[in-house]
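Q: I would like to learn how to read the features of a model such as this one, step by step. Could we go through it together?

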Amino acid sequence: VRLILNKKSEYAEVYYENKLVKKIDLKIDNTYKVEGYNGEVVIEVKNNKIRVKEEKSPLHLCSRQGFVNGSTPIICLPNKIIIKINNKEKLDGISK
């Protein structure tokens, strides 16, 4: 018996100072804005991936991380923002 799993991300959760501030559907390409410690943080979703597109911090480390999809969170310390990606495993089928 073999299980066939689909590990596609469905949504991301955006936290500011450990408080959930936005839940983002990764199936919808769009941009979102949340307030960070240093000001507005622009988050972009494209092709089931997510990134910090623009933010205000001295070295712009958050926006340099690029797109991610998977179990790696985006941690934007200067803005106190964390983006966690939900990876639900779905059963696509069973074969013998």
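Q: Which residue in S6 does Glu 44 stand opposite?

A: Before the case itself, a word on the model: it is predicted, so local features need pLDDT of at least 70 and side-chain atom pairs count only at pLDDT 80 or more, while totals for chains, interfaces and linings use all residues. Residues are numbered from 1 along each chain as its sequence is written, and side-chain values use heavy atoms, with hydrogens and water left out. Strands (E, at least two residues) and helices (H or I, at least four) are DSSP runs numbered from the N terminus, and two strands pair if DSSP finds at least two bridges between them. Here Glu 44 stands opposite Arg 51 in S6, and S5 and S6 (residues 49–54) pair in the antiparallel sense over five bridges.

Q: How many residues lie between S5 and S6 in their hairpin, and which turn residue has a positive phi?

A: Two residues lie between these strands, and Asn 47 in the turn has a positive phi of about 50 degrees.

Q: Is Glu 44 buried or exposed?

A: Burial is read from relative accessible area: buried means under 20%, exposed over 50%, and partly exposed in between (1.4 Å probe, protein chains only). Glu 44 has a relative accessible area of 13% and is therefore buried, whereas Arg 51, at 21%, is partly exposed. Strand S5 (residues 39–46) is mostly covered, with six of its eight residues buried.

Q: How many salt bridges are there?

A: A salt bridge is a side-chain nitrogen of Lys or Arg within 4 Å of a carboxyl oxygen of Asp or Glu, and by this rule the count comes to two. One of them joins Glu 44 and Arg 51, whose closest N and O atoms are 2.5 Å apart. In another, the side chains of Glu 17 and Lys 80 meet at 3.5 Å, N to O. This pair links distant parts of the chain, 63 residues apart, with Glu 17 in the loop between S2 (9–16) and S3 (19–25) and Lys 80 in the loop between S7 (74–76) and S8 (81–87). Glu 17 is partly exposed at 41% relative accessible area, and Lys 80 is partly exposed at 36%.

Q: Which residues touch the most other members of the largest nonpolar core?

A: In soluble globular proteins, nonpolar side chains tend to be buried together. A nonpolar core is a set of buried Ala, Val, Leu, Ile, Met, Phe, Trp, Tyr and Cys residues joined through side-chain atoms within 4.5 Å. The largest one has 18 residues, of which Val 14, Ile 24, Ile 43, Ile 50, Ile 81 and Ile 83 touch the most other members. S2, S4, S5, S6, S7 and S8 each supply at least two residues of this core. With contact meaning heavy atoms within 4.5 Å, and residues up to four places away in sequence not counted, Ile 81 touches several residues, including Val 14, Val 34, Val 41 and Ile 74.

Q: In what order do the elements of the protein run?

A: The protein has one helix and nine strands, running β-β-β-β-β-β-α-β-β-β from the N terminus on. Of its 96 residues, 35% are buried.
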